[in-house]
There are 2 protein chains.
Amino acid sequence: MQYQAPVNDMMFLLKDVFNIQSKFAGIEDFSEFDEDLYAAILEEAGKFSSGVLQPINQSGDEEGCRWNDGIVTTPKGFKEAYQAFVEGGWQSLTASPEFGGQGLPKALHVLVEEMFYSTNTSFCLYGSLTAGAYHLLQAHADEQMKAKYLPNMISGQWSGSMCLTEAHAGSDLGLLKSKAEPQADGSYKISGSKIFITGGEHDMAENIIHLVLARLPDAPAGPKGISLFLVPKFMVNDDGTLGERNGIKCGSIEHKMGIKASSTCVMNMDEAVGYLVGGVHQGLRCMFTMMNLERLSIGIQGIGLGEMAYQQADAYANDRLQGRATDGQAPAPIIKHGDVQRMLMSMQAYNQAGRALAVWLGSYLDIAHHSADHAEVQKANAMAALLTPIAKAFFTDMGYEVCTTGQQCFGGHGYVKEWGMEQHVRDARIAQIYEGTNGIQALDLVGRKLVANDGAYIDLLLEEVAQDMQNFADSELKSTLQNKLSELKELSQAIINKGKTDHDLQQWIACDYLHYVALVIYAYLWLKMFNKSYEKQTLGEFFYKRLLPRTLALKASIENQLA
Amino acid sequence: MQYQAPVNDMMFLLKDVFNIQSKFAGIEDFSEFDEDLYAAILEEAGKFSSGVLQPINQSGDEEGCRWNDGIVTTPKGFKEAYQAFVEGGWQSLTASPEFGGQGLPKALHVLVEEMFYSTNTSFCLYGSLTAGAYHLLQAHADEQMKAKYLPNMISGQWSGSMCLTEAHAGSDLGLLKSKAEPQADGSYKISGSKIFITGGEHDMAENIIHLVLARLPDAPAGPKGISLFLVPKFMVNDDGTLGERNGIKCGSIEHKMGIKASSTCVMNMDEAVGYLVGGVHQGLRCMFTMMNLERLSIGIQGIGLGEMAYQQADAYANDRLQGRATDGQAPAPIIKHGDVQRMLMSMQAYNQAGRALAVWLGSYLDIAHHSADHAEVQKANAMAALLTPIAKAFFTDMGYEVCTTGQQCFGGHGYVKEWGMEQHVRDARIAQIYEGTNGIQALDLVGRKLVANDGAYIDLLLEEVAQDMQNFADSELKSTLQNKLSELKELSQAIINKGKTDHDLQQWIACDYLHYVALVIYAYLWLKMFNKSYEKQTLGEFFYKRLLPRTLALKASIENQLA
């Protein structure tokens with residue numbers, strides 16, 4: 001079935017739920033944007049998604065990327081789609097206008113990203129990595145480097161890659177061994193081997209700008225001795241033309257469970273020419289500044305695939321005749337069966353709350369990067385720091401669950417390739433692993449974002465929510481939510497008290513705590529949506545009745561571990 | 001890594017936990033078997049699994065089955081492995097000695113099946129379908145048919161298939177349309193098309209005996225007008241030699257998410273010669289008699305793959321150095337991290353309780369089929385009826401979860417094909433769908449096994465458990481379990497009260513109820529194991545602390561729906 005971009009639902013979030021225009025009222029950079037523009041962009045993104053990306057999604061999975069002697073060929077139609085992607089300006093939405101970007105809010109971009117992930121996750125990743133790379137250069141490169149590389153990366157004419165992981169250094173980048181030798185001309189010669197490099201090599205862009213972590217000869221051991229380098233695939237002459245092929249080559253590509261049209265490369269560097277970005281030994285610090293954006297993007301992969309799985313499962317359930325409904329005799333569409341309705345509503349309830357959190361978090365990132373009000377920026381940074389690991393991990397855990405549920409609605413037809421449901425599950429699975437496994441996200445949440453600051457971020461969240469809830473009408477759900485928020489406060493405090501001196505304990509409860517916080521936030525967002533639209537009330541009530549009870553299990557599990 | 005058959009753990013269940021020898025003391029058919037024999041068989045099954053089946057598991061996935069003009073070729077090595085399987089007598093373990101079978105208990109066979117599913121699920125399915133077919137013939141065929149077909153099926157020289165599903169008739173077999181025309185000689189001509197036929201065609205056995213559901217011309221509409229037919233691939237002459245090719249052909253095979261070395265066939269019948277099995281219009285009734293066996297077998301697929309995923313994840317976690325443990329400075333094996341330990345213990349806790357339930361349920365099936373004590377048989381049949389849908393659905397839901405968790409332990413390496421973890425997830429996924437989706441299992445549990453008999457089976461379960469618990473030492477866990485059992489009783493009664501007149505409500509809570517009951521049963525089995533071995537206490541406590549709390553969420557979700 002053809003993807004139906006949920007533009008109305010997205011605009012409902014931007015306008016009615018988050019009132020983005022008034023939220024951004026004081027931000028000069030966004031002063032020329034309005035809701036009509038956002039709606040027009042979403043409409044166009046929807047057309048691009050269903051018209052260009054979706055038609056090559058299943059064929060891309062079947063064909064996959066091919067490697068031959070260092071050359072990676074993307075599946076049929078990808079080159080043309082990439083050209084259309086560049087021409088449509090989709091690579092440059094949130095980039096700085098100074099270098100040709102459109103400077104649009106992240107709160108809008110998350111919705112465009114969702115559509116692209118819905119219709120072609122593999123394709124979407126190339127652009128997502130390029131955006132990550134150019135945002136990093138925007139933040140840390142010097143002016144000369146920016147002028148030389150940014151315009152072509154922002155347009156999409158050149159793509160980007162992030163070369164972090166090595167075979168023995170994944171979650172723990174401090175272990176990495178790639179070496180950078182300083183040269184007389186101020187450049188470096190980089191040698192080493194990287195694995196799992198998304199978009200490290202492909203045939204869609206003229207050049208690829210790699211951002212590579214490596215160690216200088218005198219670097220201290222561990223995470224504080226890592227520097228960041230720009231390593232172009234083709235050298236770039238001063239006049240902007242392409243020069244020689246640099247010594248960074250794709251040694252092979254991985255054969256994976258899914259995202260088969262996204263190249264996952266081994267990148268071998270043999271005295272490749274590189275240029276330092278940011279200060280010496282500042283590599284991980286530089287990386288961290290773009291990590292929120294990348295983690296949110298990968299989170300949205302979960303929502304996007306979940307939405308696509310929902311749309312297909314809903315259509316199938318309305319079409320497939322099987323069994324009698326409890327109120328009739330003739331074979332009924334399976335959507336008449338309560339168990340199927342329960343599955344479909346669960347999918348929707350997670351997808352829609354996830355989308356709301358993505359917009360909410362996106363708006364904090366916008367304020368953090370664009371507001372002139374220092375206090376607002378500080379608050380937004382704190383909220384983004386807290387919400388990012390939650391969004392990345394919970395969106396993707398639920399994305400996998402939602403895709404699996406959608407597949408289940410299809411019965412045996414969900415297991416064969418033809419209907420496309422099993423591909424969503426395979427494509428969704430990676431999002432729980434890369435960009436920091438969900439276990440790592442949970443440790444980040446409990447360690448850095450909760451215990452390390454004595455719950456300051458959680459307190460801020462609770463304040464923000466309490467303030468907003470003053471606008472909610474009194475109701476049973478509101479009381480339920482208020483209780484959950486008190487519980488969250490108490491549980492968080494208990495973890496801080498015990499976890500402060502017991503890092504091992506933090507590990508044991510981290511994943512459960514992340515899911516717990518996420519569900520409470522989803523409950524808040526459901527009530528917020530519920531208060532703005534009668535249409536959302538059935539789903540909102542379903543979430544409170546059937547899904548929010550998961551918090552009971554998580555809380556008990558954590559408390560038993562703390563006891 | 002090489003699979004390590006958990007023979008000690010299996011013998012611990014047979015001997016210490018269930019005391020199988022005394023349980024079967026009054027059963028004449030088992031009088032010549034003893035624990036030494038069981039241990040010897042498990043040892044041999046373990047060697048066969050790691051030596052013959054595991055080496056062709058990953059290559060079988062890569063190569064898959066191939067179809068060409070009606071011929072299905074299995075992957076390299078499968079033919080030879082099948083020959084060894086037949087020669088080893090593995091096909092005939094539980095078959096009737098009257099026709100060459102070994103007549104061993106199901107309580108033993110579930111453990112052998114687990115090993116085979118662990119090491120090569122695709123391969124194991126061929127034999128599992130054959131066993132299903134011969135058990136059905138043992139129960140319903142006339143003596144002449146038994147004599148003609150059973151010995152070769154039981155030896156494995158011929159294989160079997162179950163031809164039920166049609167494109168428009170899956171969960172609802174009442175909708176099926178295949179036709180059977182009576183012939184003057186007492187045979188039938190069968191025409192129609194079947195889909196999703198596991199092992200419907202392949203190149204490993206001399207002949208394939210298909211059991212086909214079809215309608216006679218005068219058959220009433222719906223499920224009561226379906227008859228069962230034996231349709232051989234090659235006609236069998238009276239002297240036992242093979243005759244002409246029959247008109248049942250494989251039209252194509254499915255391209256699937258996993259179990260790629262298991263052929264999933266479209267079977268087209270064009271006036272194929274068939275023979276009635278059981279009475280006219282008795283097809284579904286005949287099928288039901290073997291359904292418990294098949295459903296349990298598919299459930300065990302979940303446990304088997306979960307065990308394999310656990311063994312690999314455990315080995316990897318002990319080997320992979322990444323991050324510092326909370327108590328040290330140098331890179332530590334990731335098993336030192338609490339989050340990884342939590343994952344591994346969850347996997348084990350589900351696998352081991354599942355294995356215990358498989359043995360327990362297997363022993364009820366043995367008593368039902370072999371005991372001379374009528375009251376015991378009745379009780380065993382009731383327990384098997386209750387436990388089968390729970391085992392099938394919960395084993396496979398947890399199997400998928402456990403395999404996914406195992407994959408997560410590998411980080412990015414879990415997502416690439418090389419390590420084999422992603423194959424387990426893909427192979428495990430089908431078990432939640434076929435042999436009746438897990439939603440159908442849950443409806444069976446709530447509809448037929450709970451509401452329809454006013455909770456008689458649940459009461460029986462509670463009695464059996466209460467009686468056994470008299471032997472358990474008092475402890476905090478025992479009190480917890482007693483509370484859970486009281487809650488189970490109350491919750492079940494509430495469902496009966498409301499669900500009696502509200503079938504739609506049954507649908508809405510069925511899956512949650514199934515998981516709830518399963519977790520309470522696992523809690524009982526953990527305490528039972530806990531009481532028999534100090535080694536099990538850490539895992540048992542972990543189950544009670546961290547996993548049993550899931551019942552809180554399920555109970556609240558159900559109660560909210562009932563409210």
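Me: Which residue of chain B comes closest to the rotation axis?

Reply: This is a predicted model. Distances to the rotation axis are taken at C-alpha, and the closest approach in chain B is 2.6 Å. The residue there is Ala553(B).

Me: What relation does the rotation that superposes chain B on chain A represent?

Reply: The rotation is 180 degrees, with 0.0 Å of shift along its axis. The RMSD of the superposition is 0.0 Å. The relation is therefore that of a two-fold axis.

Me: What percentage of the contact residues of chain B recur in chain A?

Reply: The same surface serves both copies.

Me: Which element gives the most to the side of chain B that touches chain A?

Reply: In the contact, 49 residues of chain B meet 49 residues of chain A. Elements that give two or more residues on the chain B side include β12 (321-324), α9 (338-370), α15 (503-530) and α17 (550-562). The top contribution is seven residues, and it comes from α17(B).

Me: Are α15(A) and α17(A) roughly parallel or roughly antiparallel?

Reply: The axes of α15 (residues 503-530) and α17 (residues 550-562) of chain A come within 9 Å. They cross at roughly 155 degrees, and the cut-off for this class is over 145. The two helices are therefore roughly antiparallel.

Me: Is the crossing of α15(A) and α17(A) left-handed or right-handed, and how do the contact residues divide by class?

Reply: The crossing is left-handed. On the α15(A) side the residues include Trp508(A), Tyr513(A) and Leu519(A), and among those they meet in α17(A) are Leu554(A) and Ile558(A). The contact divides into nine nonpolar, four polar and three charged.

Me: Which residue in β11(B) is the bridge partner of Tyr188(B)?

Reply: Strand β5 (residues 188-198) of chain B runs antiparallel to β11 (residues 264-277) of chain B, and eight bridges join them. For Tyr188(B), the partner in β11(B) is Gly274(B).

Me: Which residue in β11(B) does Leu228(B) stand opposite?

Reply: Strand β7 (residues 227-232) of chain B is also antiparallel to β11(B), with three bridges. Opposite Leu228(B) stands Val277(B).

Me: And which residue in β11(B) is the bridge partner of Ser252(B)?

Reply: Strand β10 (residues 248-253) of chain B pairs with β11(B) over five bridges, in the antiparallel sense. The partner of Ser252(B) is Val266(B).

Technical notes: Residues numbered from 1 in each chain as written. Chains lettered and ligands numbered in written order. Predicted model: local features only at pLDDT ≥ 70, side-chain atom pairs only at ≥ 80, totals over all residues. Contact = placed C-beta atoms within 7 Å. Helix = DSSP H or I, 4+ residues; strand = E, 2+ residues; numbered from the N terminus. Axes fitted to C-alpha atoms, helices over the stretch in contact; angles between N-to-C directions. Parallel < 35°, antiparallel > 145°, perpendicular 65-115°, else oblique. Left-handed = near helix turned anticlockwise from the far one by under 90°. Nonpolar A, V, L, I, M, F, W, Y, C, P; charged D, E, K, R; others polar. Pairing = 2+ DSSP bridges. Least-squares fit on C-alpha atoms with pLDDT ≥ 70 in both.
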